[in-house]
Amino acid sequence: MSGPWPSIIGPLVTRRMLPSPRVAAVASGGASAAVRRLGTTLGRPNAACPRGSLRFRAAALPSISALARSLSGASLGGPAAAAIFPADGPGRMMSSVPATRSDGDRTQLGEPITFLTLSNLSDNPGAVTRKRRVGRGIGSSKGKTCGRGHKGQKARAGRGVHPTFEGGQTRLFKRLPKIDKMKNARFRLDLVPLNVGKVQDYLTMGRLRPSRSDGTLTAVDFVNAGMFPASSVKSGIKLLGEGREHVKDRMLIEVSFASASAIEAVERAGGYVTTVHYNRLAMRANLKPGKFPERPGSAPGEEG
């Protein structure tokens, strides 16, 4: 079957498959009889084509390899088939036929090549469920009353009762006592945060001076230095450890609360922290003594 090949290789043309894919095979000369025989086997010739040529639709061709075998009488993979159907280059054909590789005279089929396009793009199986269409007859199991039963409140549009409805019985949330706020809100402490780094800065600037003879810094000294107003101190002051790496002076501090890092920073510099408790009235009397001619709890006539 080597006779027809020289006359077929030249005129046979392959085109890139377009949105309307076609494979055109144009034969002339000594190959016209072979092509007409192939047309009798695979499909009818197109009457619009001139004599000596034949056009096939891709649907009429079982595969590219079948076309080559019909023309050459040999398996796809020879030099002539490689010339007709090039593997690379601008004329490469894009198809979903299985890839082939030649092993002597035998042709081995590889894995099929599949391209992702808008025509085969879909969700995973089971990812989308269709909504049940009710009222479509008894065969659908949800016909006529659509599963709502006959009449009643639950059969109407906008049907149903509130989830907390208990059939006329007093609802659970009405049987429980009212709790406007947290029950322990009256015991909540409103503390003013104070960092040891800030105390060190005010000592370095000379704005913070102790009022006691023993050199202990109290809430009164912090207010007098302008670190925070007296009206902001409700339940006390809490000493925090931010800026502890800057502490270098020996400090004696008296506050309501203190964190472990703040205590460690002050003690490392040679000082100590004392925690004392004041209620709201005592803290106000300590910070604003002018408003309390007599100390709270003292006997009449006793000096404050």
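User: Which side chain does D221 join through a polar contact?

Analyst: A polar contact is a pair of N or O atoms within 3.5 Å. In this predicted model, the side chains of D221 and S211 are joined by such a contact, at 2.8 Å. The side chain of D221 also has a polar atom 3.1 Å from the backbone nitrogen of T218.

User: Where does D221 lie, and which residues does D221 touch beyond four places in sequence?

Analyst: D221 is part of helix 7. Apart from residues up to four places away in sequence, D221 touches L208, R209, P210, S211 and T216.

User: How far from D221 is the nearest side chain of opposite charge?

Analyst: A salt bridge requires a side-chain nitrogen of Lys or Arg within 4 Å of a carboxyl oxygen of Asp or Glu. For D221, the nearest side chain of opposite charge is that of R212, 6.6 Å away. D221 therefore has no salt bridge, although D221 is buried.

User: Why does Y202 count as buried?

Analyst: Buried means under 20% relative accessible area. Y202 counts as buried because its relative accessibility is 12%. Y202 belongs to helix 6, residues 196-205.

User: Which residues are in contact with Y202, leaving aside neighbours within four places in sequence?

Analyst: The contacts of Y202, with those neighbours left aside, are R207, L208, A225, G226 and M227. Y202 and M227 are 25 residues apart in sequence, while their C-alpha atoms are 8.5 Å apart in space.

User: Which residues of helix 9 are buried, and what covers them?

Analyst: In helix 9, residues 280-287, the buried residues include M283, A285 and L287. Their cover includes helix 7 (219-224) and strand 7 (236-240).

Conventions:
Residues numbered from 1 in each chain as written. Predicted model: local features only at pLDDT ≥ 70, side-chain atom pairs only at ≥ 80, totals over all residues. Heavy atoms only, no water. Buried < 20%, exposed > 50% of the residue type's maximum accessible area, 1.4 Å probe, protein only. Helix = DSSP H or I, 4+ residues; strand = E, 2+ residues; numbered from the N terminus. Contact = heavy atoms within 4.5 Å. Lys, Arg positive; Asp, Glu negative; His and termini not counted. Polar contact = N/O pair within 3.5 Å; in protein donor to acceptor, adjacent residues only side chain to side chain.
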